[in-house]
Amino acid sequence: IPISWVNEIVKIENIQLDFLIEKLTLGGFEVEEVIELEVNNQKQITLDVSATANRSDSLSIQGLSLEIAALLNKSIEISDYSSKSNNWKQYIEERTTSITNSDTNCSIFLAIIVENFSNTTVPKWITQKLINSGIIPSYDLSDFQDYVMLETGYPFCIYDFGKMCSKLKTSNINLSVSSGKSEQSFLATNNLTYELDNSILTITANETPISIAGVIEAEEFRYSKDTKEFLIEGSIFNAAKIRQQSRKLGLRTERSARYEKSLKNTYLIESFYRLIS
């Protein structure tokens, strides 16, 4: 958690660091380490903070800033970026189809296709925030993913929709959350192959697995700098289920780590709009 980023939401520039750490500790947030960075000849202080499993709402800059504001009895600042008006929300809502889902392993599933995408230039202010957070920028679309995950706590999946259509030989894609099939191999984006069975939850497109739900995406649908059509997925999965399959596969990712903390539906849709914007 970079102090400079928190300061954009709740003004703490005049708060002594030791006092802030003491308040966080009393609030149930243990500061594991204080990290000093020098970025562009400027000193940056970042806190490595751990939270309990029932506080998934604090696993983000926004979430922890709200906690700090409460602990210090300070008001929240509304950033210019957050207050910008856009018509994405109305545009998406008008084109949304609700599907009744009785699967207790997935409480919400959002997906949108973005076409004719041509500019993946990452603003300097985003790369700056990633560096301050200890993340090396990739200077591609993954930087937007990392930024939104750090800011809001929600991990989104982005796929190459063009590759998906080519593989399935159709642009009429039916997405579903389903159990994996026994003796089915899955090549993930970490270039490792995992053997699926019916205990592993997957996201499928026309019955073809495109990701192990809440954990990792399929390598064959990974996007690149040449991708022009994207499928963006945002979901909330059952925390116990994600923990279970992560242990079985021996695989823990940034995405699964957040799902293991019982993410709530509350701000997912707003975070989804933020990523699209």
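Trainee: Leaving aside neighbours within four places in sequence, which residues is Ile-15 in contact with?
Mentor: Keep in mind as we go that this is a predicted model. Ile-15 sits in the loop between H1 and H2. Once neighbours within four places in sequence are set aside, its contacts are Leu-20, Leu-72 and Lys-74.

Trainee: Does Ile-15 count as buried, partly exposed or exposed, and what is the value behind that?
Mentor: Buried would need under 20% relative accessible area, and exposed would need over 50%. Ile-15 has a relative accessibility of 24%, so the residue counts as partly exposed.

Trainee: Leu-72 also belongs to helix H3, I think. What length does H3 reach from its first C-alpha to its last?
Mentor: Helix H3 covers residues 61-72, which makes twelve residues. At 1.5 Å a residue, a span of 16 Å is expected. The helix comes close to that, reaching 16 Å.

Trainee: What do the buried residues of H3 pack against?
Mentor: The buried residues of H3 include Ile-61, Leu-64, Ile-68 and Leu-72. As for packing, the buried residues of H3 meet helix H1 (3-6), helix H2 (17-26), strand S2 (42-50) and H7.

Trainee: Which residues touch the most other members of the largest nonpolar core?
Mentor: That core has 57 residues. A second, separate core has 15 residues, among them Val-10, Leu-20, Ile-21 and Val-31. In the largest core, the residues touching the most other members are Met-164, Ile-210, Ile-212, Ile-232 and Phe-237.

Trainee: Ile-232 is in contact with a cysteine, Cys-157. How many disulfides does the structure hold?
Mentor: A disulfide needs two cysteine sulfur atoms within 2.5 Å. For Cys-157, the nearest cysteine sulfur is that of Cys-106, 12 Å away. For Cys-165, the nearest is that of Cys-157, 17 Å away. The number of disulfides in the structure is zero.

Trainee: Is Cys-157 buried or exposed?
Mentor: The cut-off for buried is under 20% relative accessible area. Cys-165, at 15%, counts as buried. Cys-157 has a relative accessible area of 0%, so Cys-157 is buried.

Trainee: Which strands are the edges of the open sheet of four strands?
Mentor: The order in this sheet is S5-S8-S9-S10, with antiparallel pairing. Strand S9 (residues 208-212) and S10 are joined by two bridges, with Ile-212 partnered by Ile-216 in S10. An edge strand pairs on one side only, and that describes S5 (175-179) and S10 (216-217).

Technical notes:
Residues numbered from 1 in each chain as written. Predicted model: local features only at pLDDT ≥ 70, side-chain atom pairs only at ≥ 80, totals over all residues. Heavy atoms only, no water. Buried < 20%, exposed > 50% of the residue type's maximum accessible area, 1.4 Å probe, protein only. Expected span 1.5 Å × (residues − 1). Contact = heavy atoms within 4.5 Å. Core = buried A, V, L, I, M, F, W, Y, C linked by side-chain atoms within 4.5 Å. Pairing = 2+ DSSP bridges.
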